[in-house]
Each structure stands twice: as structure tokens, then as C-alpha cells.
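Please open the structure in a viewer and follow the stops below in order.

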Amino acid sequence: MAHGLSSRKESAPCFDAGSRYCPCELAVLGQCVACSLLRGEDTCRCGWSGVCVSSQFIFNGSQATLGRASHRVSLIERGEPLLSAGTPKAFFMSLAVPREVAMWSVFPGSFVLVRPEGTPERWNVPLCVTAVKESSLEVMMEVQGPKTTAIDRKALSGSLLALTGPFWSGIQGMEHLRRFGAGSVLAVAKGVGQATVLQVAEYIRHRGGRLEALIGPGPLGSTFAVEPLVETGASVEIMPREKDHNLGRIAEELSSGHHELLLSCGSDDQHRGLTDLLRKMEAPPRFAWSSNLTMTCAEGICGSCLVQGFRGCKAHIPERVVWDM
Ligand SMILES: Cc1cc2nc3c(=O)[nH]c(=O)nc-3n(C[C@H](O)[C@H](O)[C@H](O)COP(=O)(O)OP(=O)(O)OC[C@H]3O[C@@H](n4cnc5c(N)ncnc54)[C@H](O)[C@@H]3O)c2cc1C
Ligand code: FES
């Protein structure tokens, strides 16, 4: 049952496995990130204890399921601009979406691809879902370059946007969050990375866990997550700007030994600084991090998110691959 060229790619659990989007077009092309059988090998090397992707493919008539549809969505509300040195840099948007999209966007790590309506997919901007209501969801967007500027302009003029999703690979190391969500989690969130921690806080609250959040303004110059985090019952500390990027404070917090998981929401430099701290510890907590990969399709096709052969929009990337842990 070979569905493509035989290759010895490493298997990784897929964020879409077991969902209505599995099997996807990668299965038909013999490129499934999880299933070695679908990649033309003789043995199963997926290590996944959920629904068998290969069986699911056969059950589906050896065809891909329909992928995520793109929806025309309207802006319900545009939040007050978050200012950095007096300049508007970021804002919340509340978007009217189909109920089904809202329903599946509650998981930590959920994000959507947003672009101006009528533009091709190269305009897609991945944005974390920060809050969900019955038929709407909220995102926070920092205006950075061409794509976010285009969305900013469309949002100001009240035009429709195109939204695809949700996708669930916004946090890598999710298996640790699933395991320790009912335990004690230390989150370090800076700048626009704070957007990722808001759904995590809800998840931990529902699981009965404890979240301690160290929040920094980062280049965005705003600590917008503080109020919603406090509302979820998280314990929150605002980190001042420090020469050592607060690594000393974070090391002190980690050495208390209270935390089972460290979640880093911010830049890759931040992730690197924190994993350096963890490597120096005798019994470090587990590590999860917000994904900063470039993503265009988020369906495993375009290849913009490739990290050492892993398609980061689909695959749970092993931490040893990126952080040597
Ligand atoms: C899973 C995920 C969730 C994200 N969530 C948010 C969020 O909630 N709020 C927010 O403001 N930003 C978020 N981002 C980053 C946001 O998507 C980029 O800032 C945006 O795509 C920049 O596009 P641009 O053309 O405006 O800027 P550019 O000038 O092209 O890029 C500015 C910065 O964004 C990065 N970037 C550019 N294109 C992409 C892309 N397609 N995917 C990821 N990064 C890119 C660049 O490397 C650069 O660091 C997220 C990114 C990912 C991968
Ligand atoms: S974003 Fe296109 S392959 Fe991952």
C-alpha cells in the first residue's frame, strides 16, 4: 500500500490527526507528516495512540477530506489602538465567524489565517485567537509590514476580510500543556507573544490548574494581557525592562521547583534564553513555546514553515530538534 515515494522521514504527531481534516492532501501525495505507511514504508513508526491515520485514509476511500474553507468575515469591533512611543502599533479585532469556526478555536495554540477579502493566499497573516464567543472570535494584530498594513487599512475602511481556520499548531510542546494543564504552569509572555497566553489561561482555569504569568511589554510597549489574565484567576507579575531581559528573575522563579511546565510566549530569542536556563537545571520543568514559524498555507503544502524537515504548521516538532533538549 504505497502512496508515494519511499523515504525515511522522521514521523511526528500531526496537529490535525484525529480531526475532521485528517487525512489531508499530504496523505494522497505520500507525504503525511505522521504516518510512515502512507509515506510508502513497510512499518508503522508513528508512535501515535489515537486514530490510525492510515486506516482513516482507507476508510475515507483513499481520498483527502475537504480542507478548511475560507470564510468572508466582517469586523464587529476594532479595539482602541495600543500605542508604542505614541504611535498606534496594534489593535484587537472582534470578527463575526461561523459558529463552527468559533467552537473549534477555543484550544490553546489556536490561530486563524486572515487576509483582505479578494486577495490571494500569499496575503495570509497567522493571528492567535485570544478569545471566543458563540459566533465571534477576537484577535490582536501588531502592524508590522505589508500584510498586516493591508489588513489594518481594510479594517479601518470596514471592508470584509477572508478568514481560514482554526489551526492548532500555534504552541509547540502542546503534549506537556495537556499533561500539566491541571498542574502548575509558569508562562513568560512578552510583546505580541502575550496574545498566545490568553487562551492558555482559560484552558488552565478549566482544568483546575495554576498559572503564574510573567508579562513584559517587549517591543510592542504594552502589557495588554494583564487584565484578562487576572480575570481568569492567574497570578500576574509585570516584568520591568532589565538588561538581562529578566532572565535572573525567571531563573529565581524556576528554582522554586513549583512549576511543572514553562511556557514561553514571545520571540525565538526569548525561547532560546529560557531553554538555556532549563539546560542548567538538574530537574527542569517541561517546556512549551509559541510558534514563530513563517506560515502561509498552514496546511502542510507551501513549505514556508519547514524546520529540519518538519512541517511546523502540521507537526509537533520534537524539542530536541529546535532547542537541543
Ligand atoms: C502561529 C502564529 C501566530 C501568530 N499570532 C500573531 C498574533 O496574534 N498577532 C500578531 O500581531 N502577529 C502574530 N503572528 C505574526 C504575524 O503573523 C506576522 O507578524 C505577520 O505575518 C507579518 O506580516 P507583514 O507582512 O505585516 O510583516 P513582514 O514585514 O513581512 O514581517 C514582520 C515579521 O513577521 C514575520 N512574518 C512575516 N510573515 C509571516 C508569516 N506568514 N507567518 C509568520 N510570521 C511572519 C517576519 O519574519 C517578521 O519577523 C503570528 C505568527 C504565527 C506563526
Ligand atoms: S505553512 Fe505552508 S507548509 Fe506549513
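**First stop: a cysteine and its surroundings**

Select Cys-32 together with Leu-26, Ala-27, Leu-38, Arg-39 and Val-53: these are its contacts once neighbours within four places in sequence are left aside, a contact being two residues whose C-beta atoms, placed from the backbone, lie within 7 Å. This is a predicted model, in which local features need pLDDT of at least 70 and side-chain atom pairs count only at pLDDT 80 or more, while totals for chains, interfaces and linings use all residues. Residues are numbered from 1 along each chain as its sequence is written, and chains are lettered from A and ligands numbered from 1 in the order in which they are written.

Cys-32 occupies the loop between α1 (25–28) and α2 (53–59); helices (H or I, at least four residues) and strands (E, at least two) are DSSP runs, numbered from the N terminus. Is Cys-32 buried or exposed? Cys-32 is buried, because 29 other C-beta atoms lie within 10 Å. The term buried requires 20 or more other C-beta atoms within 10 Å of a residue's own, exposed means 12 or fewer, and partly exposed is in between, with C-beta atoms placed from the backbone.

Colour the protein chain by domain: domain 1 (1–67 + 299–325), domain 2 (70–167) and domain 3 (171–292), with bounds that come from an automatic or database domain assignment. Between the C-alpha centres of domain 1 and domain 2 the distance is 28 Å.

Next, select ligand 1. It is surrounded by 23 residues, the closest being Cys-128, Glu-142, Gly-145, Lys-147 and Thr-148; a residue is near the ligand if its C-beta atom, placed from the backbone, lies within 6 Å of it. Two or more residues of this shell come from each of β5 (125–133), β6 and α4 (146–156).

Glu-142 counts as partly exposed because it has 19 C-beta neighbours inside 10 Å. Beyond residues up to four places away in sequence, Glu-142 touches Lys-89, Ala-90, Thr-148, Val-192 and Leu-220. Val-192 is 50 residues from Glu-142 in sequence, and 6.9 Å from it in space, C-alpha to C-alpha.

Just after α4, Gly-158 has a positive phi of about 75°.

**Last stop: helix α9**

In α9, select the buried residues Gln-270, His-271 and Leu-274. Viewed down the axis of α9, they fall within an arc of 100°, so they line one face of the helix. They pack against β9 (184–190), α8 (247–255), β12 (261–265) and β13 (286–290). Turned away from this buried side are the exposed residues Asp-269, Asp-276 and Arg-279.

Note on methods. The arc is that of the directions from the helix axis to the C-beta atoms.
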